[in-house]
Amino acid sequence: MIQIKDFKGFEGQTIETQGWVMNKRSGKGIEFIILRDGSGFAQCIVSEENVSPATFDRAKRLSQETSVKLSGKIIKDDKQIGGYEMHVDDIEIIGESVDYPISNKEHGIEFLMDNRHLWLRSKRQWAILKIRNRIILSIHNFFQKEGFIQTDSPIFTGNAAEGSTTLFSSKYYDQDAYLAQTGQLYGEAMAMAMGKIYTFGPTFRAEKSKTRRHLSEFWMIEPEMAFFDNDMNMDLIENFIKHIVTDVLENCKEELEILERNLSVFKNIAKLRFPRLTYDEAVKIIKGEKTINGKKSTDILIEDLAEVKAQINNKKAELQEKEKEIAGGLKKGVKNFIQNKIDQLKNEISDLEIVEKNIPQWLSSAENFRYGNDFGGSDETVITRMFDVPVMVYNWPHEIKAFYMKRDKAMPEMAKGVDVLAPEGYGEIVGGGERETDLNLLLSKIEEHKLPLKEFEWYLDLRKYGSVPHSGFGLGLERTVAWICGTQHIRETIPFPRYYGRLHP
RNA sequence: UCCUCCUUAGCUCAGUUGGUUAGAGCGUCGGACUGUUAAUCCGCAGGUCCUAGGUUCAAGUCCUAGAGGAGGAGCCA
């Protein structure tokens, strides 16, 4: 049995393949089957003169998503996806498919999410999951090459680790339990045993967030390194992200093309140094007090707003024109084509109008930003808008960071944390930093955050027995996939997303 | 939890100041067409206008409440 991706090695030969009918077009005496098998897509042609009447009849009756075994000859044809097509001589139907709900037209998101188990079969979702797979492989390759050991942290925990986020509560036999929001504290223990480790697992947050950046269940990669300060940590993060992006660009060309990802944003990523801003500098950029390449962030937002408004006007003018056009007596095919264009324009306009509404809010939120606060989604967008590559922000006010974050000796009010913000509004993809080693500081922090000391006694042991400087970070897998794929929404980046309001399928 | 918007055919949507029997495209099904790229052309079928209540001679359209959805804020990866 030959997979579609391997057709190129069988030119001129008769082979067997199996897969699903993605789409079908027909002419008199000829059927064009678009077959998919998970490895790729190929057009398979059934010509009445080359097959038995029974086989041709089977071909005519094939419906969308019927599973089939085909045998036929592989022919080179540069016009086709993949460059090869099959001239079929026999068809065996494996499984019927009646009234498949997802058509080749545009669908709304609610419908697609309700049918997520089938939506996964479509080309775009296939491309995203292939890239997700490549990113996962790339992550393992990077850490394994760097001498990290993969070790995993528990999913059931007895405490809310950082105390800030809402967790999913559960039962562990007769005790209260929570689903882990991070494996970080366990990661630290394992780094003290293994040197350099990383965890790779699911994470749960019960925040009722309804945005295109949030999931309730997502996958996080959390490296933790003994004898690492935050500067070494930032160097590692930068190399790590560059490695992933470069690897995907090299190995997922077809998938990125299907997604129509604008690759110019990645062009120089391997060569450019990621900007490293202190929190203080970042705040000045947000408030428009510091310029980058002679521009203030607020100016850029105002320019963006003008640009969006101009685009809306252009699209509205185009829409009017098309509507006038379609009112005239045209052939049906031309009419359909224009109607599709009209639908597309309407969607684009409503998306742009949301941006138009958001920008003034972001602008005022940027101008009114109070030093000492954490960044919101809009502040992150403002900062990243100034650069083409991910931006690192470090040295944060310790009050807004977790209890275990290391205080800076030179600036005691600051903690040595680092956040990495992805460009184009994809937000924080990495959060991390150097961990506090001073036992007394940790004790006072635990008290300050009103955390149950009893739950952290084991963690404090790490500082009693051979404590060393150490650092680590967490990478959000889905946000990384969203950024690299350029998806509109994070929910497309995981096979079965769990977010506020979505538990099925 | 708060703010804004949305809910009409299997899907995507139109439906004017409230007015007769609620429309289109796509999809399904039937037919036509030898090479199509979301093929095209002809035809049939397809409706709890989200739910409940109210205003009115008359409600898809107006009012109230509820349910569901989308995007933001907060929170974060």
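This is a predicted model: local features need pLDDT of at least 70, side-chain atom pairs count only at pLDDT 80 or more; totals for chains, interfaces and linings use all residues.

Colleague: Okay, so is Lys 401 buried or exposed?

Modeller: Lys 401 has a relative accessible area of 12%, so it is buried.

Colleague: Which side chain does Lys 401 meet in a salt bridge?

Modeller: That's Asp 419, at 3.4 Å from N to O. The pair links distant parts of the chain, with Lys 401 in the loop between strands E13 and E14 and Asp 419 in E14, 18 residues apart. Asp 419 is buried as well, at 4%. Lys 401 also has its charged end over the ring of Trp 396, 4.2 Å from the centre.

Colleague: How many salt bridges are there by this rule?

Modeller: The count comes to 27. Another one is Glu 238 with Lys 242, where the closest N and O atoms are 2.8 Å apart.

Colleague: And why are Glu 238 and Lys 242 separated by about one helical turn?

Modeller: Because they are four residues apart in helix H6. Glu 238 counts as buried at 5% relative accessibility, and Lys 242 does at 12%.

Colleague: Switching topic: what order do the strands E7, E8 and E9 take in their open sheet?

Modeller: The order is E7-E9-E8, with antiparallel pairing. E7 and E8 are the edge strands, each pairing on one side only. Two bridges join E7 to E9, and Thr 157 stands opposite Tyr 178 in E9.

Colleague: Last one: which residues form an aromatic cluster?

Modeller: Phe 142, Phe 143, Phe 148, Tyr 198, Phe 240 and Phe 473 form one.

Key. Residues are numbered from 1 along each chain as its sequence is written. Chains are lettered from A and ligands numbered from 1 in the order in which they are written. Side-chain values use heavy atoms; hydrogens and water are left out. Two strands pair if DSSP finds at least two bridges between them. Rings of Phe, Tyr and Trp (its six-membered ring) pair if their centres lie within 6.5 Å; planes under 30 degrees apart count as stacked, over 60 as edge-to-face and the rest as tilted. A charge sits over a ring if NZ of Lys or CZ of Arg is within 6 Å of the ring centre and within 35 degrees of the ring normal. A salt bridge is a side-chain nitrogen of Lys or Arg within 4 Å of a carboxyl oxygen of Asp or Glu. Buried means under 20% relative accessible area, exposed over 50%, partly exposed in between (1.4 Å probe, protein chains only).
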